[in-house]
4 protein chains.
Amino acid sequence: MTDTQLTLLQIDNYGPWTVTPEPRSEMDLQVLQSRIFGDVADFVGSRDGYAFVTRFDNVVAVTNGINRAAHERLQTSVRNRYPVTASVGVGRDATPAIALDEATAELQAAGSAQDGDRREVLGFAADHSSPSPEDVRVAHFDVDDATGEYTDRLNAYDSFVAIERSLVSLMAYLRERHGGLAFFVGGDNIIATMPDITPEEYHAALDHVATETDVSLKVGVGTGPTPADAGMDAKHALERCRHHETAVEVGHERPDPAVDD
Amino acid sequence: MTDTQLTLLQIDNYGPWTVTPEPRSEMDLQVLQSRIFGDVADFVGSRDGYAFVTRFDNVVAVTNGINRAAHERLQTSVRNRYPVTASVGVGRDATPAIALDEATAELQAAGSAQDGDRREVLGFAADHSSPSPEDVRVAHFDVDDATGEYTDRLNAYDSFVAIERSLVSLMAYLRERHGGLAFFVGGDNIIATMPDITPEEYHAALDHVATETDVSLKVGVGTGPTPADAGMDAKHALERCRHHETAVEVGHERPDPAVDD
Amino acid sequence: MTDTQLTLLQIDNYGPWTVTPEPRSEMDLQVLQSRIFGDVADFVGSRDGYAFVTRFDNVVAVTNGINRAAHERLQTSVRNRYPVTASVGVGRDATPAIALDEATAELQAAGSAQDGDRREVLGFAADHSSPSPEDVRVAHFDVDDATGEYTDRLNAYDSFVAIERSLVSLMAYLRERHGGLAFFVGGDNIIATMPDITPEEYHAALDHVATETDVSLKVGVGTGPTPADAGMDAKHALERCRHHETAVEVGHERPDPAVDD
Amino acid sequence: MTDTQLTLLQIDNYGPWTVTPEPRSEMDLQVLQSRIFGDVADFVGSRDGYAFVTRFDNVVAVTNGINRAAHERLQTSVRNRYPVTASVGVGRDATPAIALDEATAELQAAGSAQDGDRREVLGFAADHSSPSPEDVRVAHFDVDDATGEYTDRLNAYDSFVAIERSLVSLMAYLRERHGGLAFFVGGDNIIATMPDITPEEYHAALDHVATETDVSLKVGVGTGPTPADAGMDAKHALERCRHHETAVEVGHERPDPAVDD
């Protein structure tokens, strides 16, 4: 069974900072945001976690295996490199959405995201369990023949709108139906941190998106003790979808041989 | 009247590169993508342009005032710093979507985005006009009381889904109705490059989004010879929305005094 | 005749900041310093200037063609991206060392580098002249057969000590004899911003270094309206040194054909 | 007794790459070099190591506690983010210079640094020992009253030359006398990885530098199981030098109470 540790990193008082004493250059903000995300992705990634852009001022990461001390170090690094600080909440549950609820609750308990006094909160409610090889499930989606169907035919924007539409449809469906959390990761790729659901349920998700948005997705599903392991397993499964022209493939670490490649 | 110069920067053969010889670490890809975007935002931004994350492997930028030589320099910098190269198309039109069609057409004429032989194309169909003070219109949207309504009440993900929903609704509406292009820029902020439309038409766009997604947006609209000028004008207009609790404010550089603050 | 514009960028109150409230992580400082330098090199370089690491908390740049407004923009970018701010002084003279004296004087007039109240000074005493094709002279030195003599034979550190020795000898000689400023730029490369001196004087400098440190250097000298032009001319001249096994080569833009390749 | 693990990271075939097919923009190279160093410093630093700029194309790091798998990961990250690759050698010895000899030997055994075929070597001869609290000794030097004596009085360059002179003098002395390795880390700061030497020997080193270069240094010496621990101990010791106006202070973790603060 999955046991997902989720981290929410929130830049303290960011909205007010962007307009104080007057609105700051938008491109300076874009550079700042992309660098903070890049640093979080690097830090988390080099410890086998996965971080997602999310809103830029809020970054969500799957952090199984990354302890409280490492989170403090990340927080200190942000303070030492940037003109802003960050608060961090960490939660843990079989269901990613519940783990994120926990992480969010810890930050909200300490005050509003725009409370000038709330700085560098660290709430860590996740130390309780020992790692196991099925803690993390990652689903890696992409759009069927995105380059042929969209990138080379539509202008860049219209293909992007189609992908975004499918993203929102999938985000809402996985969140409401299964408590999974999906994120856009660039190109035509969407990655979700998921609880343990069946291949049939993945097919149902793809059908839902196709019906609602007319965009056809496929998905590789991976399992592992860390997001990096589960994510690489998912990537290989997605490669099998490409070779076999299948819509759902489940990674080799999954115990049920009947559904494997 | 607007005369928008749009740049499409596309990483050459990126999808295949990410899985050759085998899938690369997702977090390394995230770091790479965020840095390439940061560099483009820095380069374009320090020349008064605006760049948008878009799909990460495709970056769209408004580049009025940035000439062909500067685009070549940007292309060379990507080659000198990253393991990938980039192709660049530039178009120009009163309507942003048509300018992007032009930019896209130049790249597509040179081959598929996943054609291993297509590298470092530079198509620049935009030199023809002299700058004028109303060339660029920028609309800067945000969610009404996003912190109170969403960030502090919902978990981080659910507030993000609500913002994404409103984004997709707005993207499709502005694209289809007006040929404007909207992009998520972080937090609860959406920025669009727009043709010349009336405040009433902005109200109609907000109404459409509110009806379709139940998310209430407001917008500041700015005008200028460059994206930076127009964008800063829009930010000040948006600040006036906040102070006056209005939904649409139009910047001081707009000629019609009746709609100004 | 040369007319060198030099910029001194100094991080405000940096020393005290690094130990307040207690000493900060040295590696966080190294990351911060390398990023600030990278941003300055990018900003200056994309405008045809040359920036040198120098002390990291003080960066020296040759900035012919980069005006006051661009320097202000650079200063604003530092404030918007980093936890520190920067002061900037700009001077101009035929002799680089005198131009740097001017730049330094403007900062020192505004207070000590560790005065907590001195922030974001901008002193620009350089607008007075129009560009000409011989404004900037760049000399690009490297160590003869550094890879064979040092990198592959000595351990990495001992070859580095040899290069550093030659650097200090060259720095002092060029500074005292000619008012030129030399900087280490990585590997076995040293780049100097120079006044107009003869090839014989370059030979004398190489002889001085060889006598004092037993390290044999060669040099390509370039001229141009900007540091990028002069520097590229110097690089090509240095390539000719390699092919012809000569010690001093002077670029093609130099008027005297007798000394050219 | 110290037991220092040293890593040498060398960019493969870098010199030829910088001039192929023709010399690349120097500022693009500076940006690339500073970023690669920043990434190494971040990676090593977030695992309690210390990395030093060194020659930029060769980075030396103290890496006690960082295993072979982490070094492979660092190597992969370079390949996935940059247009160049890196080879890595790791050695271990009580004396840092001997550890670096080992690390260098492993790379040289695999071919020349400019051999186009030598790519991504990883030589790791360092797994053999278990960590102990005195494995790493760090000496953190700075210039006495650098701001008053140099930064505010001399121009930026002349103060830099004075610091560089003292650096080279110290580098050679510590290397030859004790097998220690000193590196410039910015401002007026020099950090050395050292074997176990006495406070009197540090006084002798300072005397040597003062005699040879007329620059007065002071030093804080720290000890710990990792470079970060030893380095922070050294920083606190250096702060005591400042408060007590002493030249040599040894950190609290050192066993001999007689020499402590």
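What rotation and what shift along its axis superpose chain A on chain D? In this predicted model, a rotation of 180° with 0.0 Å of shift along the axis brings chain A onto chain D, with an RMSD of 0.0 Å. The two copies are thus related as by a two-fold rotation axis. For the complex, the predictor gives an ipTM of 0.93 and a pTM of 0.93.

**Symmetry and contacts between chains**

- The same surface serves both copies, since 100% of the contact residues of chain A recur in chain D.
- In the contact between chain B and chain A, 59 residues come from chain B and 59 residues from chain A.
- On the side of chain B that touches chain A, helix α2 (residues 26-45) of chain B gives the most, with 14 residues.
- Sorted by class, that side of chain B has 26 nonpolar, 20 polar and 13 charged residues.

**The five-stranded sheet of chain C**

- Chain C has an open sheet of five strands, in the order β2-β3-β1-β4-β5, and the pairing is mixed.
- At the edges stand β2 (50-52) and β5 (122-124) of chain C, each of which has a single partner strand, so one side of each is left without a neighbour in the sheet.
- From one strand to the next, the twist of this sheet averages 15°.
- Within the sheet, strand β1 (residues 4-11) and strand β3 (residues 58-62) of chain C run antiparallel and are joined by five bridges, and C:Leu6 stands opposite C:Val62 in β3(C).
- Helix α4 (residues 96-109) of chain C packs on the sheet, where it touches β1, β3, β4 (86-93) and β5 of chain C, and the direction of the helix makes about 145° with that of β4(C).

**Cis peptide bonds**

- In chain C, a cis peptide bond joins C:Thr20 and C:Pro21, with omega about -5°; C:Pro21 is found in the loop between α1 (14-18) and α2 (26-45) of that chain.
- In chain D, a cis peptide bond joins D:Thr20 and D:Pro21, with omega about 0°, and D:Pro21 lies in the loop between α1 (14-18) and α2 (26-45) of chain D.

**Positive phi outside glycine**

- C:Asp214, a residue other than glycine, has a positive phi near 70° and is placed in the loop between α7 (199-213) and β9 (217-224) of chain C.
- Because C:Asp214 has 10 C-beta neighbours inside 10 Å, C:Asp214 counts as exposed, the cut-off for that class being 12 or fewer.
- D:Asn13 also has a positive phi, of about 55°, although it is not a glycine, and D:Asn13 lies in the loop between β1 (4-11) and α1 of chain D.
- Because D:Asn13 has 22 C-beta neighbours inside 10 Å, D:Asn13 counts as buried, for which 20 or more are needed.

**Confidence**

- Chain A has a mean pLDDT of 91, and 90% of its residues reach 70 or more.
- Over residues 253-261 of chain A, however, pLDDT stays under 50, and for this stretch the model has twelve contacts beyond four places in sequence.
- Where pLDDT is low, the predicted coordinates should not be read in detail.

Note on methods
Residues are numbered from 1 along each chain as its sequence is written. Chains are lettered from A and ligands numbered from 1 in the order in which they are written. This is a predicted model: local features need pLDDT of at least 70, side-chain atom pairs count only at pLDDT 80 or more; totals for chains, interfaces and linings use all residues. Copies are superposed by least squares on the C-alpha atoms of residues with pLDDT of at least 70 in both. Two residues are in contact if their C-beta atoms, placed from the backbone, lie within 7 Å. Helices (H or I, at least four residues) and strands (E, at least two) are DSSP runs, numbered from the N terminus. Two strands pair if DSSP finds at least two bridges between them. Axes are lines fitted to C-alpha atoms, for helices over the stretch in contact, and angles run from 0 to 180 degrees between N-to-C directions. Ala, Val, Leu, Ile, Met, Phe, Trp, Tyr, Cys and Pro count as nonpolar, Asp, Glu, Lys and Arg as charged, and the others, Gly among them, as polar. pLDDT is the predictor's confidence in each residue, from 0 to 100.
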